[in-house]
Amino acid sequence: MGVAIPHLVDDLDITISAAQWLTTAFMLTMAVVIPITGFLLQRFATRPIFIAAMSLFSAGTLIAALAPGFEVLLLARVVQASGTAIMMPLLMTTLMTLVAPSDRGRLMGRVSIVISVAPAIGPTISGLILNYLSWRFMFWLVLPIAVVMLVIGIRRVENVSEPRVIPIDVFSVVLSAFGFGGLIYGLSLVGGEVSGTSAGSAPMWVALAVGVGGIAAFILRQRALQRSDRALLDLRTFRSTNFAVSVALMVVMMAALFGTIILLPIYLQNVLHLEPIVTGLMLLPGGLTMGLLGPVVGRLFDRFGPTPLIVPGSIAVSAVLWSLTMVTEQTSPWMLLMGHVVLSAGLAFMFTPLFTSALGSVEPRLYSHGSAIVGTVQQVAGAAGTALFITVLAAVTATVAATGVSSEMAEVAGIRAAFLVGAIISITAVVGAFFVRKPADMMEGAPAAH
């Protein structure tokens, strides 16, 4: 949707600030709904949850394609996000329930294609569609795929979990909405503050304060409720050191992924003056690399465990981020293309082992809560990474521009500084990579060499 904003501004006669709400509302809905999925996946059977999720996504996609104006399109994005938020935790929970420990890496490798490649190739696909067709075709082309999967799901999906009749804690839902919603909204306003499209710094700080306070209260509430197995999001998953370390590394890697995705197009277009369509195509090889490596990394995980994959993966990501701190106005686009491919490969070697190690380290009865936590962390980390990189970029660019240098040189300085912050943070991932272990229940299927 970010790529489509200029088209929507012209076609719907709205401001850039309003158009950005089509992305912000989607993220907010995801942030509010995902923490609740831990409860939903325990309360309801697999099949009705799948049907509900795909129905919501399909309905939202249809409404968006037909939307006569901005208000209806905004509603459609909220409906879409409601279905999306349920689907990912459902997918991971079902996989952990059905797949034998010795095969989880291979299957999780396919899941990682969805989780990590979509953000990487989304802008490229959007750019190609918008270069030839109306923005409505971003939804019309997705709709038949969604409907077909809904029909197949209605006929083929079976119930693999045993629902438990547990009451929902309404207060936890409210705290979750204010906590995670406030934090994501506050982080999204950082980008608006940079581009001049937000209402000012006061709403940003208020949203961040509400978010942090809400999350703190939410954690305290869950700790109290989990004593009687009534938590909306059971935090006992963090009793597993392996789960906690894996989730922490996911935060760093997701922040690096989303931060890089937002910075590279800015650099390629504003400094190197490449066309948007060329920029999108330059990011495509990296996304495809991540997708192709997913299943391969999954099989390697089943055989060798996480350490031989995560350690070199984290080093590759860190090395690329450090190299990007040296870009100039004359840096070759081909060097950036190669760097993005190496970065994507490094992330591919990390995501699948981290997802599998994290969820494989919690008790089976907590799979749904672990999946919901992983999904929530992805949303928060992505928003935080974008906000961090953009904030550093804007601050340094403004400071350097005040010295009288050209706008291009000032922006290059800002981009280098943003990547420097990312590179420094990436060192924590390199260190943490040595502490991720293969889950105990997966050791039985490991070969003797391991």
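**Entry 1: the overall picture**

Helices here are DSSP runs of H or I at least four residues long, strands are E runs of at least two, and I number them from the N terminus. I kept in mind throughout that this is a predicted model. I looked up the secondary structure and found 15 helices and zero strands in the protein.

Next I checked the radius of gyration. The protein has 22 Å, and a compact globule with 450 residues would come out near 22 Å, so the two agree. I also took the spans of the C-alpha trace along its principal axes, which are about 65 × 55 × 40 Å. As for burial, 53% of the 450 residues count as buried.

**Entry 2: the cavity**

How many cavities of 30 Å³ or more are there? I got one. The volume of this largest cavity is about 40 Å³.

I wrote down the residues around the largest cavity: Thr-260, Leu-264, Val-320, Leu-324, Leu-336, Gly-339, His-340 and Leu-343. Two helices, α10 (241-271) and α13 (333-360), each put at least two residues into that lining. Which of them gives the most to the lining? I found that α13 does, with four residues. Sorted by class, the lining of the largest cavity holds five nonpolar and three polar residues, and no charged ones.

**Entry 3: the second largest pocket**

I moved on to the second largest pocket, which holds about 400 Å³ of space. It is lined by 26 residues, and those closest to its centre are Leu-41, Gln-42, Pro-364, Arg-365 and Ser-368.

The largest share is from α4, at four residues. By class I get eleven nonpolar, eight polar and seven charged residues in the lining of the second largest pocket.

**Entry 4: aromatic pairs**

I searched the whole structure for aromatic pairs and came away with six. One of them is Trp-135 with Phe-139, edge-to-face, at 6.4 Å centre to centre and with 90 degrees between the planes.

Phe-238 has 36% relative accessibility, so I put it down as partly exposed. Phe-243 is at 0%, so it goes down as buried.

**Entry 5: charges over rings**

I looked for charged ends over aromatic rings and noted two cases. Arg-43 lies over the face of Phe-44, 5.3 Å from the ring centre. Lys-438 has its charged end over the ring of Phe-301, 5.8 Å from the centre of that ring.

**Entry 6: Ile-152**

Last, I picked out Ile-152, which I located in helix α7 (residues 143-156).

Note on methods. Residues are numbered from 1 along each chain as its sequence is written. This is a predicted model: local features need pLDDT of at least 70, side-chain atom pairs count only at pLDDT 80 or more; totals for chains, interfaces and linings use all residues. Side-chain values use heavy atoms; hydrogens and water are left out. On a 1 Å grid over the protein atoms alone, a cavity is a set of points where a 1.4 Å probe fits but cannot get out, and a pocket is an open set with protein on both sides within 12 Å along at least five of seven lines; lining residues have an atom within 4 Å of a point. Grid points are joined across faces, edges and corners, and a volume is the space filled by probe spheres set on the points. Ala, Val, Leu, Ile, Met, Phe, Trp, Tyr, Cys and Pro count as nonpolar, Asp, Glu, Lys and Arg as charged, and the others, Gly among them, as polar. Rings of Phe, Tyr and Trp (its six-membered ring) pair if their centres lie within 6.5 Å; planes under 30 degrees apart count as stacked, over 60 as edge-to-face and the rest as tilted. Buried means under 20% relative accessible area, exposed over 50%, partly exposed in between (1.4 Å probe, protein chains only). A charge sits over a ring if NZ of Lys or CZ of Arg is within 6 Å of the ring centre and within 35 degrees of the ring normal. The radius of gyration is taken over C-alpha atoms; the globule rule is 2.2 Å times the number of residues to the power 0.38.
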